[in-house]
Amino acid sequence: MSQLAPPARPKRPEFRNINAFTDLTTYRMPLAALVSILHRISGAIMFVLLPFIIWMFDTSVSSEISFERFKSAFNIGIGVVPGWFIKLVALLLIWAFLHHFIAGLRHLWADIHHGAVSKEFGRKSAASTLVLSIALLLILGAKLFGLY
């Protein structure tokens, strides 16, 4: 009788929803998913920090006196906010812009070359997005904190 039975099929993978409170710590997301989530977070950070961006631009281009005030805000601080904290906020803004820009180029490339997109491309482009944005962040952060 065993010869008449059809061969056993391999078990299909089980896909399920992820509970953010219980499964998120054990679930291993692919690198492309992490880059996509960071792309959204960086866009939200840029939107939330838009008043800070407008203040920096307005203060830096209004006059020579306001530009000196702008420079002293980064060196000394404003009121109870120390200068290093303003530099950290600016560094966060720099990261958000760099990551959002590079990940946006990655998404555009994937949209244009839809037929050539594969898992391998997703993995490599996500890794290069992270490496490039972090490398540029380190270079610009070193300049912001006066290391060169």
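Analyst: A helix here is a DSSP run of H or I with at least four residues, and helices are numbered from the N terminus. The model is predicted.

User: What makes Arg123 and Glu120 a salt bridge?

Analyst: The rule asks for a side-chain nitrogen of Lys or Arg within 4 Å of a carboxyl oxygen of Asp or Glu. For Arg123 and Glu120 the N to O distance is 3.0 Å, so the pair meets the rule. Both residues lie in helix 5, 3 residues apart, which is about one turn of the helix.

User: How do you know that Glu120 also pairs with Lys124?

Analyst: The closest N and O atoms of Glu120 and Lys124 are 3.8 Å apart, and the limit is 4 Å, so this pair is a salt bridge as well. Glu120 and Lys124 are 4 residues apart in helix 5, again about one turn. Through shared partners, the salt bridges join Glu120, Arg123 and Lys124 into one network.

User: Why are helix 4 and helix 5 called roughly antiparallel?

Analyst: Their packing angle is about 150°, with the axes 9 Å apart. Angles over 145 degrees count as roughly antiparallel, so helix 4 and helix 5 fall in that class. The crossing of helix 4 and helix 5 is right-handed.

User: How far apart in space are Leu144 and Lys87?

Analyst: Their C-alpha atoms are 7.2 Å apart, although the two residues are separated by 57 residues in sequence. Leu144 lies in helix 5. Leu144 has a relative accessible area of 23%, which is between 20% and 50%, so this residue is partly exposed.

User: Why is Trp84 called exposed?

Analyst: The relative accessibility of Trp84 is 54%, and the cut-off is over 50%, so Trp84 counts as exposed. Trp84 lies in helix 4. Its C-alpha atom is separated by 19 Å from that of Phe57, which is 27 residues away along the chain.

User: What makes a nonpolar patch that includes Trp84?

Analyst: A patch residue needs over 30% relative accessible area and no salt bridge, and nonpolar side chains are joined within 5 Å. The area of Trp84, at 54%, clears that 30% limit. The patch lies on the surface, and its members include Trp84, Phe85, Leu88, Leu136, Ile139 and Leu140. Together the patch residues have about 1200 Å² of accessible area.

User: Which helices supply the patch, and which gives the most?

Analyst: Helix 4 (83-112) and helix 5 (119-144) each supply at least two residues. Helix 5 gives the most, with 4 residues.

Notes: Residues are numbered from 1 along each chain as its sequence is written. This is a predicted model: local features need pLDDT of at least 70, side-chain atom pairs count only at pLDDT 80 or more; totals for chains, interfaces and linings use all residues. Side-chain values use heavy atoms; hydrogens and water are left out. Patches are made of residues with over 30% relative accessible area and no salt bridge: like charges are joined within 9 Å, nonpolar side chains (Val, Leu, Ile, Met, Phe, Trp, Tyr) within 5 Å. Accessible areas come from the Shrake-Rupley method with a 1.4 Å probe; for residues, only the protein chains shown count as cover. Buried means under 20% relative accessible area, exposed over 50%, partly exposed in between (1.4 Å probe, protein chains only). Axes are lines fitted to C-alpha atoms, for helices over the stretch in contact, and angles run from 0 to 180 degrees between N-to-C directions. Angles under 35 degrees count as roughly parallel, over 145 as roughly antiparallel, 65 to 115 as roughly perpendicular and the rest as oblique. A crossing is left-handed if the near helix is turned anticlockwise from the far one by less than a right angle, and right-handed if clockwise.
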